[in-house]
Amino acid sequence: MARALRLAERGRYTAHPNPVVGCVLVNDGAVVGEGWHRVTGEAHAEVNALQAAGIKSRGATAYVTLEPCSHHGKTPPCAEALIAAGIERVIVAMQDPHQAVAGGGLRLLTEAGITVQTGLMQSDAAALNPGFLKRVTAQRPFVRLKLATSLDGATAMANGESQWITGLEARADVHRLRARSGAIMTGIGTVLSDDPSLTVRAKDIETNGLQPLRVVLDSKLRMPLAAGMLTLPGTTLVCCAGDLDKSRLEAANAEVMSFSADEGGVSVDEVLQELATRGVNEVLVEAGARLAGHLLDNDQVDELVIYQAPHIMGSQTKRLVDTPSWTSLADRKSLNITDVRRIGSDTRITATPSQKN
């Protein structure tokens with residue numbers, strides 16, 4: 001199963017909006033076939049493993065990181081493929097909560113006389129697909145907030161100068177975060193000050209041509225027609241508040257949608273719900289202190305990835321987050337640090353917000 005989990009990771013940048021899944025087939029104590037879900041619309045992990053094993057599949061045990069599907073989608077049901085191949089036992093890390101499956105695959109296998117076991121390395125399997133699991137269970141994507149800061153918590157100088165706080169290795173690591181995301185969200189302030197592209201540009205990442213949906217929260221439609229992202233491959237979704245004239249930006253190749261107003265801006269909650277309906281599993285937020293603070297203040301962040309550079313920028317700087325309503329220690333946001341590692345000369349801290357009592 002550990003091998004199947006590692007195989008699943010190979011589809012990290014190409015399988016979404018589908019979950020990443022790995023499969024290993026074992027017969028007479030030897031691995032006879034293995035596979036992973038490479039690209040949405042193509043064969044799933046189980047089918048790839050069966051094709052690799054050929055006739056050695058008969059009588060084998062299948063180790064699968066997620067319940068085999070039981071419905072006809074873009075591909076036939078994997079449960080039926082396992083049955084037809086003569087698999088004798090299937091060990092599944094976790095059940096698929098998607099309503100189209102939700103135990104259906106396990107029932108098909110059991111009714112066919114196949115021995116089925118579930119729960120092996122379940123927490124590891126769940127950690128592979130945080131966005132998919134949240135989208136299908138809560139109808140919301142997994143929100144990951146990326147921040148870059150100096151040791152003293154600065155994100156830019158007072159005049160806005162911020163390129164570059166972190167080193168090349170950390171910036172390359174951000175492209176891996178982008179590549180695994182279905183959408184990248186930012187605010188209009190960041191667009192106006194930095195003109196970001198919000199694309200995956202690392203040559204060592206195979207994305208099968210996929211680019212994340214670019215999402216700009218722009219309540220008053222101040223998006224400039226000269227914005228670089230409007231000329232790049234992929235889709236730019238501009239989210240405004242209320243019924244405004246969209247024609248200017250639509251003529252510039254942007255998709256524009258209206259949402260309710262939220263604290264003077266666009267309702268982030270409504271935007272996230274819209275992204276879930278589009279099949280977005282993970283949203284990477286690359287934004288300024290105001291939007292970052294708003295998300296944290298409203299408990300809309302599932303994970304923070306903070307790149308901390310080994311330097312001090314001093315007092316004439318801009319801070320990490322803008323949270324004017326936090327006025328006492330009781331307002332602070334506690335974090336559970338899940339990973340700390342060096343990325344080049346910088347430190348990457350991964351954390352999840354603690355639940356309040």
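1. **Basis of the note.** The model is predicted: local features need pLDDT of at least 70, side-chain atom pairs count only at pLDDT 80 or more, and totals for chains, interfaces and linings use all residues. Residues are numbered from 1 along each chain as its sequence is written, and side-chain values use heavy atoms, with hydrogens and water left out.

2. Strands here are DSSP runs of E with at least two residues, helices are runs of H or I with at least four residues, and both are numbered from the N terminus. Two strands pair if DSSP finds at least two bridges between them.

3. **V32 in strand β2.** V32 belongs to strand β2 (residues 30-36). V32 is buried, with a relative accessible area of 18%; buried means under 20%, exposed over 50% and partly exposed in between, using a 1.4 Å probe and protein chains only. Leaving aside neighbours within four places in sequence, V32 is in contact (heavy atoms within 4.5 Å) with L25, V26, N27, A52, A53 and K56. V32 and S57 are 25 residues apart in sequence, and their C-alpha atoms are 7.3 Å apart in space.

4. Angles run from 0 to 180 degrees between N-to-C directions of axes, which are lines fitted to C-alpha atoms, for helices over the stretch in contact. In α2 (residues 45-53) the buried residues are A45, E46, N48, A49, L50 and A53, and they pack against β1 (22-27), β2, β3 and α3. Just after α2, G54 takes a positive phi of about 65 degrees.

5. **S70.** S70 lies in the loop between β3 (61-64) and α3 (78-84). The side chain of S70 reaches the backbone nitrogen of G105 at 3.4 Å. Apart from neighbours within four places in sequence, the contacts of S70 are P77, A100, V101, G104, G105 and L108.

6. **Nonpolar cores.** The largest nonpolar core has 39 residues, and those with the most contacts inside it are L25, A62, L82, I87 and V90. A second, separate core of 29 residues includes L217, L272, A287 and V301. Such a core is a set of buried Ala, Val, Leu, Ile, Met, Phe, Trp, Tyr and Cys residues joined through side-chain atoms within 4.5 Å.

7. **Nine-stranded sheet.** A further open sheet, of nine strands, has the order β11-β10-β9-β8-β14-β6-β15-β18-β17, with mixed pairing. At its edges stand β11 (255-259) and β17 (335-343), each with a single partner strand, so one side of each is left without a neighbour in the sheet. Neighbouring strands are turned by 25 degrees against each other on average, direction ignored. Five bridges join β10 (residues 236-241) to β11, the two running parallel, and A241 stands opposite F259 in β11. Helix α11 (residues 289-297) lies across β6, β8, β9, β14 and β15, at about 130 degrees to β6.

Definitions and conventions
Polar contact = N/O pair within 3.5 Å; in protein donor to acceptor, adjacent residues only side chain to side chain.
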